[in-house]
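Here are my notes on the model. Please read them alongside the coordinates.

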Amino acid sequence: SFTIFSATAHALRPPAISLLRAWDGGAGASTMRPIVERATTVPAERAAASAVAASTEAWAGLWVARIEHFEAVEFTGICVRPHYDISADGAVVSHVHVALGALGACWVSASGSLTPSPDGTCRLIFDDFWVGSDAPRPRDAPSRIEGSAVDAAVRALGRLAFAPSMAVFPVDYADLSPDEGIVAFRFTPFEAASSRAAHRPEIFRVVRLAEAADVGVWMEGLARDENRN
């Protein structure tokens with residue numbers, strides 16, 4: 001399956017412009033899928049994707065997700081919204097807002113690193129895990145000293161459940177500028193689970209933020225938008 005990340009300056013190429021326009025128009029991941037698939041047939045686009053995969057230099061920002069696999073279950077009342085705060089050195093903090101309809105909602109978070117590779121893939125390794133209540137913004141990672149017994153249990157269970165072998169993501173399309181852009185990769189765990197998943201995009205849009213404090217403000221805005229939807 002494809003996963004598409006968008007980042008917010010060389011001039012963007014036509015596929016990225018089309019994807020961003022579709023995103024701004026409210027399109028879901030499945031609607032954007034054909035744009036990505038057409039782009040992957042162009043050799044120059046494949047070369048650009050490999051170049052982006054080889055360095056974390058242009059990755060810094062807040063990556064906001066639109067994921068087809070999660071969109072497919074929204075009819076049940078389940079709403080899953082992942083966000084990735086990525087630094088130029090590849091450090092990543094993931095916050096996933098999970099809404100379960102009448103059962104309530106919570107934040108599920110993790111931190112680790114996103115490692116580039118010259119072979120056109122990236123590897124995402126998480127080594128810390130925590131959860132938080134349904135607040136406007138996710139909580140920071142609890143310290144090992146001040147964290148509760150629940151925090152310790154969540155961290156231990158997350159490390160036990162995380163499989164590094166499933167954390168390799170081939171990059172199929174990328175166009176990152178200092179202002180905005182798009183990256184599309186295949187989410188191999190979904191591919192392993194279902195042959196039908198091989199062509200489903202997972203879509204992220206990156207917002208360039210001037211200060212780390214802006215992340216919380218941005219996430220509060222996302223939560224307000226989600227509640228309106």
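1. G147 sits in the loop between β6 (121–133) and α5. Helices (H or I, at least four residues) and strands (E, at least two) are DSSP runs, numbered from the N terminus. The model is predicted: local features need pLDDT of at least 70, side-chain atom pairs count only at pLDDT 80 or more, and totals for chains, interfaces and linings use all residues. Residues are numbered from 1 along each chain as its sequence is written, and side-chain values use heavy atoms, with hydrogens and water left out.

2. With a relative accessible area of 25%, G147 is partly exposed. Here buried means under 20% relative accessible area, exposed over 50%, and partly exposed in between (1.4 Å probe, protein chains only). The C-alpha atoms of G147 and W130 are separated by 9.9 Å, with the two residues 17 apart along the chain.

3. D151 belongs to helix α5 (residues 149–161) and is buried, at a relative accessible area of 8%. A polar atom of the D151 side chain lies 3.0 Å from the backbone nitrogen of S148. Neighbours within four places in sequence aside, D151 is in contact (heavy atoms within 4.5 Å) with R139 and P142.

4. Helix α3 (residues 43–53) has E45, A48, A49, V52 and A53 as its buried residues. These cover an arc of only 140° around the axis, so they lie on the same side of α3; the arc is that of the directions from the helix axis to the C-beta atoms. On the other side of α3, P43, A44 and A51 are exposed.

5. The buried residues of α3 pack against α1 (14–24), α2 (29–39), β6, β7 (168–176) and β8 (181–186).

Conventions:
Polar contact = N/O pair within 3.5 Å; in protein donor to acceptor, adjacent residues only side chain to side chain.
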